[in-house]
Amino acid sequence: MVLVPKPALQQFSFIRNIKPTTFFSGIPLIDLSKPDSKHLLVKACEEFGFFKVVNHGVPLEFISKLESEAVKFFSLPLSEKEKASPPNPFGYGKKSIGQNGDVGWVEYLLLTTNQESISQRLSSVFGDNPEKFRRALNDYVSAVKKMACEILEMMADGLKLQQRNVFSKLLMDEQSDSVFRLNHYPPCPEIQALKDHNIIGFGEHTDPQIISVLRSNNTSGLQISLNDGSWISVPPDPSSFFINVGDSLQVMTNGRFKSVRHRVLANSIKARVSMIYFGGPPLKEKIAPLPSLMEGEESLYREFTWFEYKRSAYSSRLADNRLVLFERITAS
């Protein structure tokens, strides 16, 4: 399925890529069942802000059921999908990402993890019988949220924090502002005629929340940026999860953990479906470096609420350095 006709390709961003795409095998792989995983998590967050986890405890049945439901949804006629639009912010969207001119070769369904709101949105698409989709979504999100909290608690252990749930409690809070996103990147055969160029599926950005849990089908496209600014492609693995450090976690660790910059390139042959859980704090939660991690250092960031940062982040362009507005200015 192609979202736009060929003439509309001029609306999209292109990347010149003369060298053949290579996959980077040095991405941290962490077995969550191993006793040393907490130390490896910290190291991965410091060096990459990104890692892959195996033995994650999320039933493969939950993964396959939700992916199946997602494929069914994105296969619906556009008129049916648009019953769940516009995304303000939740709902169905295509091409446009945010309200500031960013576009990508993507269509998506963005949902809050609040069960009542999910029901309302799903009913607008599936009529009186959204139960199968809702059950698959609830099972998946519950399992992934549990895994995310366990990872955050391992991180706290690895950082030798006395309060083991200092990060995870923000996701467990009833007022947690977590969201869930389904992305569909249709095949883009036109890429083959562009020779040494790629089309952006989802532009480069960091995630503003605490932690992101990503799972995709067996189609390439995801890239992350290394410390030197170079981009490397992440090999797809449909049975594992990829974890992103978000801006809020970077702040809480006073820059020790790095919020990873990432993007998605369109694929010329295969569709890509990704499912992302964004673990966010309550809107009123104050975000600031943890005093126990300062060790005599000055705070790199001023305190702000998640609501303040979220409002600022979503009024910016995707590629903007969103944290720069919240950095503490020190006298030289």
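Let me begin with how the model is read. Residues are numbered from 1 along each chain as its sequence is written, and side-chain values use heavy atoms, with hydrogens and water left out. Since this is a predicted model, local features need pLDDT of at least 70 and side-chain atom pairs count only at pLDDT 80 or more, while totals for chains, interfaces and linings use all residues.

The secondary structure of the chain comes to eight helices and 15 strands, where helices (H or I, at least four residues) and strands (E, at least two) are DSSP runs numbered from the N terminus. Of the 332 residues, 53% count as buried; buried means under 20% relative accessible area, exposed means over 50%, and partly exposed lies in between, with a 1.4 Å probe and protein chains only. If we take the contacts (heavy atoms within 4.5 Å) with a separation of 6 or more, residues 24 or more positions apart account for 75% of them.

Now to helix H1, residues 37-47. Which residues of H1 are buried? They are Ser37, Leu41, Val42, Ala44 and Cys45, and they cover an arc of only 165° around the axis, which puts them on the same side of H1; the arc is that of the directions from the helix axis to the C-beta atoms. As a general point, an α-helix has 3.6 residues a turn, so residues three or four places apart point the same way. The cover over the buried residues of H1 includes strand S2 (29-31), strand S3 (50-54), H5 and strand S11 (241-245). Just after H1, Gly49 takes a positive phi of about 75°.

How do H1 and H5 lie relative to each other, parallel or perpendicular? The axes of H1 and of helix H5, residues 131-158, come within 8 Å and cross at roughly 90°; such axes are lines fitted to C-alpha atoms, for helices over the stretch in contact, and the angles run from 0 to 180 degrees between N-to-C directions. H1 and H5 are therefore roughly perpendicular to each other, given that angles under 35 degrees count as roughly parallel, over 145 as roughly antiparallel, 65 to 115 as roughly perpendicular and the rest as oblique. Ser37, Lys38, Leu41, Val42 and Cys45 in H1 meet Ile151, Met154, Met155, Asp157 and Gly158 in H5.

Staying with H5, we find Val144 in this helix, buried with a relative accessible area of 1%. Val144 touches Val58, Val213, Phe241 and Tyr277, once residues up to four places away in sequence are set aside. Val144 and Val213 are 69 residues apart along the chain, yet their C-alpha atoms are separated by 7.4 Å. A related case is Glu69 in helix H2, residues 60-74, which counts as buried at 7% relative accessibility. Leaving out residues up to four places away, Glu69 touches Lys132, Phe133 and Ala136, and from Glu69 to Phe133, 64 residues apart in sequence, the C-alpha distance is 5.9 Å.

Next comes Ser212, placed in strand S8, residues 211-216, and buried with a relative accessible area of 1%. Its side chain makes a polar contact of 2.7 Å with the side chain of Asp207; a polar contact is a pair of N or O atoms within 3.5 Å, where, within protein, one must be able to donate a hydrogen and the other to accept it, and residues adjacent in sequence count only if both atoms are side-chain atoms. Arg261, in the loop between helix H7 (247-252) and strand S12 (262-265), is joined to Glu204 by a side-chain polar contact of 3.3 Å.

Finally, some backbone details. Most residues other than glycine have a negative phi, and most peptide bonds are trans. Lys160 has a positive phi near 60° and is exposed, with a relative accessible area of 73%, whereas Asn254, with a positive phi near 55°, is buried at 6%.
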